[in-house]
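Please open the structure in your viewer and keep the selection tool at hand. The tour below moves from one selection to the next and says what is there at each stop.

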Amino acid sequence: MKTANVVVVPYDISWRSDFDKIKNELESALGDLAVGVEHIGSTSVEGLSAKPCIDIDVIIENYSVFDKVVERLNSIGYIHEGDLGIKDREAFKYSGKPHLKKHHLYVCPKCSKELHRHISFRDFLRTHPEAVKKYSEVKETAAMLFPDDIDKYIQYKSPCIEELYESCGLK
């Protein structure tokens, strides 16, 4: 059993400005190496309950600039962790960022299937309030049932995610 403190909270409007602060720092460091910085995940959907952690995809044209991206992110405290088993989605951890909200940072080429999935799911939820309500309820229940087991939390909400993926054409 993998233990973790699983906390899901109601949507917080401050997540938008939390994202903007992180985005500004990333854009300052990356300059024109990034073709976009997207707020993804549950905190990017108004009204959706979420674990209070901002998910971010930095979009690059292709892997020809990736070494420079790693270098620039490293200069501001991010460390490349690899793709963690997901093709075309490079994960980064960080240290020394108490001025920023907790976040997960990924770098994806613009042709990445994972990037497409993130954006499609986010955009679907942003335009389907009934799906947001349902997903919020499932996440809140999962966090209540499995407050110390992130794997069981994820397992509990998976059928709902699969159903939503089907609704937005991701299956």
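This is a predicted model: local features need pLDDT of at least 70, side-chain atom pairs count only at pLDDT 80 or more; totals for chains, interfaces and linings use all residues.

**First stop: Ser-64.** Select Ser-64, which you will find in the loop that runs between β2 (54–60) and α2 (66–75). Is this residue buried or exposed? Ser-64 counts as exposed, because its relative accessibility is 64%.

**Second stop: α1 and α2.** Select helix α1, residues 14–30, together with α2, and look at how they pack, with axes 9 Å apart and an angle of about 125 degrees between them. The two helices are therefore oblique to each other, and their crossing is right-handed. To see where they touch, show Leu-26, Ala-29 and Leu-30 on the α1 side, which meet Val-69, Arg-72 and Leu-73 on the α2 side. Sorted by class, the residues of this contact are five nonpolar and one charged, with no polar residue.

Move on to Ser-112, in the loop between β5 (103–109) and α3 (113–126). With a relative accessible area of 2%, Ser-112 is buried, since the cut-off for that word is under 20%. Follow the side chain of Ser-112 in one direction and it reaches the backbone oxygen of Asp-88 at 2.8 Å; the side chain of Ser-112 also reaches the backbone nitrogen of Leu-115, at 3.1 Å. When neighbours within four places in sequence are left aside, Ser-112 is in contact with Lys-87 and Asp-88.

**Last stop: α4 and α5.** Finally, select helix α4, residues 129–145, and helix α5, residues 150–167, whose axes come within 8 Å and cross at roughly 165 degrees. That angle makes α4 roughly antiparallel to α5, and the crossing of this pair is right-handed. Among the residues that make the contact are Tyr-135, Val-138 and Ala-142 of α4, and Tyr-153, Tyr-156 and Ile-161 of α5. By class, the contact of α4 with α5 comprises 11 nonpolar residues, one polar residue and four charged residues.

Terms used
Residues are numbered from 1 along each chain as its sequence is written. Side-chain values use heavy atoms; hydrogens and water are left out. Helices (H or I, at least four residues) and strands (E, at least two) are DSSP runs, numbered from the N terminus. Buried means under 20% relative accessible area, exposed over 50%, partly exposed in between (1.4 Å probe, protein chains only). Axes are lines fitted to C-alpha atoms, for helices over the stretch in contact, and angles run from 0 to 180 degrees between N-to-C directions. Angles under 35 degrees count as roughly parallel, over 145 as roughly antiparallel, 65 to 115 as roughly perpendicular and the rest as oblique. A crossing is left-handed if the near helix is turned anticlockwise from the far one by less than a right angle, and right-handed if clockwise. Contact means heavy atoms within 4.5 Å. Ala, Val, Leu, Ile, Met, Phe, Trp, Tyr, Cys and Pro count as nonpolar, Asp, Glu, Lys and Arg as charged, and the others, Gly among them, as polar. A polar contact is a pair of N or O atoms within 3.5 Å; within protein, one must be able to donate a hydrogen and the other to accept it, and residues adjacent in sequence count only if both atoms are side-chain atoms.
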